[in-house]
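The tour below goes from one selection to the next and says what is to be found at each stop.

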Amino acid sequence: TLFRSLTLLRLSEDVFVLERLPPDSGNLLKDYLLHNMAPILSLIQYTIEDHSSSFKRVKDLPTQPSKAKASCLAVVSALNTLSNYLSWMTVWYITEQNCKILRTLWQLLDEPEMQLHAADCILVAVNRMDEFQYSKSLLMVLFEDDAMEYIVSSTQLDHVNEIGRAH
């Protein structure tokens, strides 16, 4: 877990550094990262799925607050890394495997601790859909019943939280 977290942190830093490098060096690093995007995204996807399921199992257990917090932080770290990559990677990866990344992000909208980070990733992905073939895939996933349920559920949860804060 620590190794995965450090790897994600390093991958996220690479993207940040990429933006500050001179074009020649930046292009070299970008080409390397693009060439290895499949395993990078697999690591991010695995981390999100593994730690979000762990978080869901232990979040309500009074004896496991540190494990829940650690799992949540791992997911948030992976989501931050994913958000950085989504802004420049090849759009095909977003729609790969029937939009698996987006389907995972929809499910995180139900978790208040991860909701904003997941929504940020979804927003970045949606803003990248400038080619019709990819837009069509995204729209088909976006308007599926499951996706709509997660979106509506998260807005209701947010509304309930706002009412609770007002009182």
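Begin by selecting Tyr 46, which has its place in helix 3; helices here are DSSP runs of H or I of at least four residues, strands are runs of E of at least two, and both are numbered from the N terminus. This is a predicted model, in which local features need pLDDT of at least 70 and side-chain atom pairs count only at pLDDT 80 or more, while totals for chains, interfaces and linings use all residues. Residues are numbered from 1 along each chain as its sequence is written, and side-chain values use heavy atoms, with hydrogens and water left out.

**The whole chain**

Zoom out to the protein chain, which has eight helices and zero strands. Of its 167 residues, 39% count as buried. Among contacts in the chain with a separation of 6 or more, 75% are between residues 24 or more positions apart, a contact being heavy atoms within 4.5 Å.

**Helix 3 against helix 4**

Select helix 3 and helix 4 together; they pack at an angle of about 150°, with their axes 8 Å apart. That angle makes helix 3 roughly antiparallel to helix 4, since angles over 145 degrees count as roughly antiparallel, those under 35 as roughly parallel, 65 to 115 as roughly perpendicular and the rest as oblique. The axes are lines fitted to C-alpha atoms, for helices over the stretch in contact, and the angles run from 0 to 180 degrees between N-to-C directions.

Helix 3 passes helix 4 in a left-handed crossing, a term that applies if the near helix is turned anticlockwise from the far one by less than a right angle, clockwise being right-handed. To see the contact, show side chains including Leu 41, Ile 44, Ile 48 and Phe 55 in helix 3, and Val 75, Leu 79, Leu 82 and Tyr 85 in helix 4. By class, this contact of helix 3 with helix 4 has 15 nonpolar, six polar and one charged residues; Ala, Val, Leu, Ile, Met, Phe, Trp, Tyr, Cys and Pro count as nonpolar, Asp, Glu, Lys and Arg as charged, and the others, Gly among them, as polar.

Stay in helix 4 and pick Tyr 85, which is buried, with a relative accessible area of 0%. The C-alpha atoms of Tyr 85 and Ala 125 are separated by 9.8 Å, although the two residues are 40 apart along the chain.

**Helix 4 against helix 5**

Next, select residues 65-86 (helix 4) and 92-108 (helix 5), whose axes come within 13 Å and cross at roughly 135°. That makes helix 4 oblique to helix 5. Here Val 75, Leu 79, Leu 82 and Leu 86 in helix 4 meet Ile 94, Ile 101, Leu 105 and Leu 108 in helix 5, and the contact is made up of eight nonpolar, no polar and no charged residues.

**Helix 5 against helix 6**

The contact of helix 5 with helix 6 divides into ten nonpolar, one polar and no charged residues.

Click on Gln 115, in helix 6, which counts as buried at 11% relative accessibility. Gln 115 and Leu 105 are ten residues apart in sequence and 8.8 Å apart in space, C-alpha to C-alpha.

**The nonpolar core**

Which residues touch the most other members of the largest nonpolar core? Of its 34 residues, they are Leu 79, Leu 82 and Leu 105, where a nonpolar core is a set of buried Ala, Val, Leu, Ile, Met, Phe, Trp, Tyr and Cys residues joined through side-chain atoms within 4.5 Å. Helix 3, helix 4, helix 5 and helix 6 are the elements that give two or more residues to this core, and helix 4 gives the largest share, nine residues.

End the tour on Leu 82, which, not counting residues up to four places away in sequence, touches Leu 41, Ile 44, Ile 48, Ile 101, Leu 105 and Cys 121.

How values were computed. Buried < 20%, exposed > 50% of the residue type's maximum accessible area, 1.4 Å probe, protein only.
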